[in-house]
Amino acid sequence: MTTQPTPPAAGTSAPPPAAGQPVRRLTTAQALVAFLARQYTERDGVRHRLITATWGIFGHGNVAGIGQALLETGPAMPYLQGRNEQAMVHAAVGHARQSGRLSAQAVTTSIGPGATNLVTGAALATVNHLPVLLLPGDTFAARPADPVLQQLEVPYAGDVSVNDCLRPVSRFFDRITRPEALIPAVLHAMRVLADPAATGAVTLALPQDVQAEAYDWPAAFFAERVWHVRRPAPDPDELDRAVRAVRAARRPLVVAGGGVHHSAAEDALAAFAEATRIPVAATQAGKGSLRHDHPADVGGIGHTGTATADDLARTADLVIGVGTRYTDFTTASATLFAHPDVRFLNLNITGFDAHKLAALPLVADARTALEALNAALAGHRADPAYEAEYTAAKARWEQRVDAAYATPDPAARPTQTQVLGLLDELVTDEDVLINAAGSLPGDLHKLWRTRSPRQYHVEYGYSCMGYEIPAAIGVQLAAPGRPVWALVGDGTYLMNPTEIVTAVQENLPVKLVVLQNHGYASIGGLSEATGAERFGTDYRHREDGGFTGPPLPVDLAANAASLGMRVLRASTVAELRAALALARAADRPVCVHVETATPAAGQGAPPAQAWWDVPVAATATRPQAVAAREEYERHRTGRRRHL
């Protein structure tokens, strides 16, 4: 550390700090990495490293800047080598979710295609309110040559680059065109990452010349900073209105969203349910807010929900949303909450979500709000007849789960739900199951018996194919002692298997379960239901003008093995049971490959218990589409605006 600033080269930057102020002469990239290594969050008196590591793929736009800075910084900022830029963001998001949003990771890429590959991952992070710091390289700020390699030329704007694609999917965006501009920009970036009401993808675009430019940085810039993660309390007037609404309700229902987990409010929700006996349904993001065997837990809600939860939703006169965004899957495209006098009470840390569905808002941290509401409702309890009703309905649904999981013939090829049943036999509270797309999210939401708050990791805000494998790596890094399972179909596997190499490189014992069903099973079923007759959804040879020939001779197990994974092939229920047990005990990455059977009539997961609006062709000549449109018209008459 020097005590006097070094004069900057002519024309390279603004004047350095005042004489006598301690400074450090570093490049912009070195200063950024050093700053990130000393940032922390704190909640409930516990401190966490804010940026735990940096993922990176290097090209000419960041190798001599951020790449050199990571090398120079050394172990103070761990580096993780990715294979695909989108996948690196998915891994960072998985890590952030497992860490309760109290820790995040950074992702650096070169300019051009490396940067634009971040967009999908950034959208996923922002949709799900999960923090990730994106550090894409950018074209030269000084424009020594114009255009340079990978520069997007926009005739009407000289300051636009491909990184501007990241603006609409970022919660904060800045382009660092001078070294000293980093100071306010990165402070804003940390504030957003640590803010539970504002967090998501944060992007700092870094021109490659500015990354390598030296500057005299104030030493105070590198002091440890602790960002307090607040728990705002509810407004007294809002709380009073909420209490009166709950006391007046005869058939109240809690809808637990992802905010319950983000706030670590699971115990507060359990205490509220035990005191009031109000049943609790869960969105995809909120599943696991209560254990599956908690008396008040009635399972998933909405299009992929249970009959118990959906029937309660149809007759609820007060819906108490806790940390939910009320997506169309949750509301069954605005058809589910059918009581003529239904009202909504929304506990949410953001005013935007708290006011949805013309609700009574209770804008606060989920845990704080639940504790305050529970205290104010002391002595209040739902009608015992109502409790008996949902308890009996829950028991009936559990029988349907047992039937879907049953494996009477150990020599048979397993169905998808039987795969879940075999996992259900094996896992404990410690296991984490990761999924995002296909038919598995629906089956899991209806059937999975969640044992702990972090076990159910289904990314359904963006439902991004290719999320599961890299997310499993991020989760394993955040929870090194827990068995982590990535459940994927063949369609998702083919989207993004490359981070298998990273799992092998880091020797992370993730467990990959590949369910081979030769196509897009979920969209195939949706296509059939909407009159599109499974067009373009099967992985088959082209024959007679369509994809109706034999299945493609694709060997996904061999592919996983070629990327370095140990592979266990299972053809029967008995083989799968043994393979899953071996995988769970493994101390290295392992893949279980199983070709699933189509369930017979009456087997498999129960059908959807509520509607989902997917528009059907208004005019068509094929009978399937005509019939599908008639069914669509019947359902959409139930749509309702809650005002």
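Student: In β3, which residue is the bridge partner of Tyr40?

Tutor: In this predicted model, strand β2 spans residues 39-43 and is joined to β3 by four bridges. The two strands run antiparallel. Within this pairing, the bridge partner of Tyr40 in β3 is Arg49.

Student: What is the order of the strands in the open sheet with mixed pairing?

Tutor: The edge strands are β3 (46-49) and β11 (225-228), each of which pairs on one side only. Neighbouring strands of this sheet are turned against each other by 35 degrees on average, direction ignored. The sheet has three strands, in the order β3-β2-β11.

Student: Which helix lies across β2 and β11?

Tutor: The helix in question runs at about 40 degrees to β11. It comprises residues 182-194 and is helix α6.

Student: Against which elements do the buried residues of α5 pack?

Tutor: Helix α5 covers residues 119-127, and its buried residues are Gly121, Ala122, Ala123, Leu124, Ala125 and Thr126. Just after α5, His129 takes a positive phi of about 55 degrees. The buried residues of α5 pack against α3 (85-98), β7 (132-138) and β9 (201-207).

Student: Are the residues Val432, Leu433, Ile434 and Asn435 of strand β18 buried or exposed?

Tutor: Strand β18 (residues 432-435) is covered on both faces. Val432 and Ile434 lie on one side, with Leu433 and Asn435 on the other. All four residues are buried.

Student: Which residue of β20 is the bridge partner of Val432?

Tutor: Strand β20 (residues 484-489) runs parallel to β18, and three bridges join the two. The partner of Val432 in β20 is Val484.

Student: Why does Gln476 count as buried?

Tutor: Gln476 has its place in helix α18 (residues 468-478). Leaving aside neighbours within four places in sequence, Gln476 is in contact with Arg482, Val484, Leu508, Pro509 and Val510. A residue is classed as buried when its relative accessible area is under 20%. Gln476 therefore counts as buried because its relative accessibility is 2%.

Definitions and conventions:
Residues numbered from 1 in each chain as written. Predicted model: local features only at pLDDT ≥ 70, side-chain atom pairs only at ≥ 80, totals over all residues. Heavy atoms only, no water. Pairing = 2+ DSSP bridges. Axes fitted to C-alpha atoms, helices over the stretch in contact; angles between N-to-C directions. Contact = heavy atoms within 4.5 Å. Buried < 20%, exposed > 50% of the residue type's maximum accessible area, 1.4 Å probe, protein only.
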